Amino acid sequence: MGVLSNKIQRDQLRPGDHIYSWRRAYLYAHHGIYVGEGKVIHFTRGAGQEIGTGTVLDRIIFSSSPSHSPDNPCPKCGDQSSLDGVMSSCIDCFLSGGDLYLFEYGVNAAFFIAKARGGTCTLAASDPRQDVLHRAFYLLQNGFGSYDIFKNNCEDFAIYCKTGLLVYTSISVGRSGQAASFLAAASAVISSPLRFLTTSFTGLGAVGCGMYCVSRLVSDIGIRRDVIKIPVERLTAPRGLDEAEFATEVVKTD
């Protein structure tokens, strides 16, 4: 484990670990919670599609489509090709041929910035393993709402299981470091007025890198202010929580 790679071996896994595996030549990663006995609980869109746009992007960005076809289902999991939402899969189906990585919690700001690729670590601390497993198994039975690639994706699910933290504003990105990195990169390239202060290639690179790092840092679940810890039973209540109720909960905890 370190700045260069979070790759681990299967015999290093412990129940309650937040794990992930890169997809499509490291374009993005799929995340889940290891719960022991070779099983992973994770969150996905139907048939493993991450975005569901109805375009060619659906064939490029997919999450956990099992490596087995419906005609040749996994002997451990059965046919999961048409399932969506929160599901339990064997670790082979979860990895889908990829390598195994461990998401890190409680890192410091310098380490976080050094890990330039989003979706690998957070400044937020993890809760005890028994709390993590309770949330994962509860959500397996009760769901985690509607999938949204920017506000409620597989990484958001795993981070909630590990921390119990939710974003209570509807206008911001979710907890996902991958989504935050994508938006940070777009902001650094398109939106920064600082890019006009220099015309050199080196200067533009430094400005863009600085904007990217700052945007990632302030979007991290461990440092942002628009988050609150919500019990999993409250999260899945029939009525749920609207933004006004979230605000009330924030006042109570301040």
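Guide: Let's start with a term: a residue is buried when its relative accessible area is under 20%, exposed when it is over 50%, and partly exposed in between (1.4 Å probe, protein chains only). At 0% relative accessibility, S21 counts as buried. Before we go on, this is a predicted model, in which local features need pLDDT of at least 70 and side-chain atom pairs count only at pLDDT 80 or more, while totals for chains, interfaces and linings use all residues. Residues are numbered from 1 along each chain as its sequence is written, and side-chain values use heavy atoms, with hydrogens and water left out.

Visitor: What percentage of the residues of the protein chain count as buried?

Guide: The figure is 49% of the 254 residues.

Visitor: Back to S21: where is its place?

Guide: Look at strand β1, residues 18-23, and you'll find S21 there. Helices (H or I, at least four residues) and strands (E, at least two) are DSSP runs, numbered from the N terminus. The protein chain has nine helices and seven strands.

Visitor: Which residues is S21 in contact with, leaving aside its neighbours within four places in sequence?

Guide: Contact means heavy atoms within 4.5 Å. On that reading, S21 touches Y28, A29, H30, L95, G98, D99 and Y101. The side chain of S21 also makes a polar contact with the side chain of R23, at 3.4 Å. For a polar contact, you need a pair of N or O atoms within 3.5 Å; within protein, one must be able to donate a hydrogen and the other to accept it, and residues adjacent in sequence count only if both atoms are side-chain atoms.

Visitor: What share of the contacts in the protein chain with a separation of 6 or more comes from residues 24 or more positions apart?

Guide: Those residues account for 63% of them.

Visitor: Now the sheet: in what order do the five strands come?

Guide: Strands of a sheet pair through backbone hydrogen bonds, either parallel or antiparallel. Two strands pair if DSSP finds at least two bridges between them. Here the order is β4-β3-β2-β1-β5, in an open sheet with antiparallel pairing. Its edge strands are β4 and β5 (101-102), each of which pairs on one side only.

Visitor: How many bridges join β3 to strand β4?

Guide: Six, and β4 (residues 85-90) runs antiparallel to β3. β2 and β3 form a hairpin with two residues between them, and E37 in the turn has a positive phi of about 55°.

Visitor: How many of the residues of strand β3 are buried?

Guide: Five of its six, so strand β3 (residues 39-44) is mostly covered.

Visitor: Next, cysteines: how many disulfides does a search of the whole structure find?

Guide: A disulfide is a covalent bond between the sulfur atoms of two cysteines. The test is a pair of cysteine sulfur atoms within 2.5 Å, and the search finds zero. Take C77: its closest cysteine sulfur is in C90, 3.6 Å away, which is too far for a bond. C77 is buried, with a relative accessible area of 18%, and C121 counts as buried at 5%.

Visitor: Last topic: how many salt bridges does the structure hold?

Guide: Six. A salt bridge is a side-chain nitrogen of Lys or Arg within 4 Å of a carboxyl oxygen of Asp or Glu. One of them joins the side chains of R129 and D17, at 2.9 Å from N to O. R129 lies in helix α4 (residues 129-142) and D17 in the segment before β1, so the pair ties together parts that are 112 residues apart in sequence. R129 is partly exposed at 27% relative accessibility, whereas D17 is buried at 6%.

Visitor: Which residue forms a salt bridge with D127?

Guide: That's R135, with the closest N and O atoms 2.7 Å apart. D127 and R135 are both buried. Salt bridges that share partners join D127, R135 and K229 into one network. R224 and D226 form another salt bridge, also with 2.7 Å between the closest N and O atoms, and both residues are buried.
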